[in-house]
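Me: I'd like a close look at one part of this model, with the cut-offs spelled out as you go. Here it is.

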Amino acid sequence: MEASEPLSGTCHCGSVAFEVSRPAFMVACNCSICRRYAALWVHAPPASARIVEGEGQTDTYIWGDEQIEFHSCKSCRAVTHWTGVDGARWAVNMRMVDPADLEGLPVRHFDGADSWEFLD
Ligand SMILES: [Zn+2]
């Protein structure tokens, strides 16, 4: 795969799909919700991402300070992305991407449970 090509992700049933520019790294967060979802996030910005299929096909879950909504497919329940309620920030879950496409992409560990700093 060309480094400049966007990566494609879909939920398990294929109802929800996104594209994201190849990021410098992915983020594993240890906060109470992210560790349960076991998500690997890429944030936009700095990446650019778009939902290409299934806008409106998700259920949302808002937690804590109600600043972000987690989206899961209404059919297969895979957690595909989150959106900031202010509309400025969002992130896609790279667990939806073929692992072969993620080879060599580093994972940074973010301490969302406590310090809100990267642990590396
Ligand atoms: Zn689905």
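Which residues form one aromatic cluster here? Walk me through that part.

Reply: First, some ground rules: this is a predicted model, so local features need pLDDT of at least 70 and side-chain atom pairs count only at pLDDT 80 or more, while totals for chains, interfaces and linings use all residues. Residues are numbered from 1 along each chain as its sequence is written, and side-chain values use heavy atoms, with hydrogens and water left out.

Now the cluster: Phe25, Phe110, Trp116 and Phe118 make it up. Rings of Phe, Tyr and Trp (its six-membered ring) pair if their centres lie within 6.5 Å; planes under 30 degrees apart are called stacked, over 60 edge-to-face, and the rest tilted. That rule gives 5 aromatic pairs. Take Phe25 and Phe118: their ring centres sit 6.0 Å apart with the planes at 90 degrees, so this pair is edge-to-face. It also links distant parts of the chain, 93 residues apart: Phe25 is in the loop between strand E2 (17–20) and strand E3 (26–29), and Phe118 is in the segment after strand E10 (107–110). (Strands, marked E, are DSSP runs of at least two residues, and helices, H or I, of at least four, numbered from the N terminus.)

Phe118 has another partner in Phe110, with ring centres 5.2 Å apart and planes at 70 degrees, so that pair is edge-to-face too.

How covered up are these rings? Buried means under 20% relative accessible area, exposed means over 50%, and partly exposed is in between (1.4 Å probe, protein chains only). Phe110 comes out buried at 16%. Phe25 is partly exposed at 29%, and Phe118 is partly exposed at 31%.

A charge sits over a ring if NZ of Lys or CZ of Arg is within 6 Å of the ring centre and within 35 degrees of the ring normal. Arg108 does this over the face of Phe118, at 3.9 Å from the ring centre. Arg108 also lies over the face of Phe25, this time at 5.1 Å.
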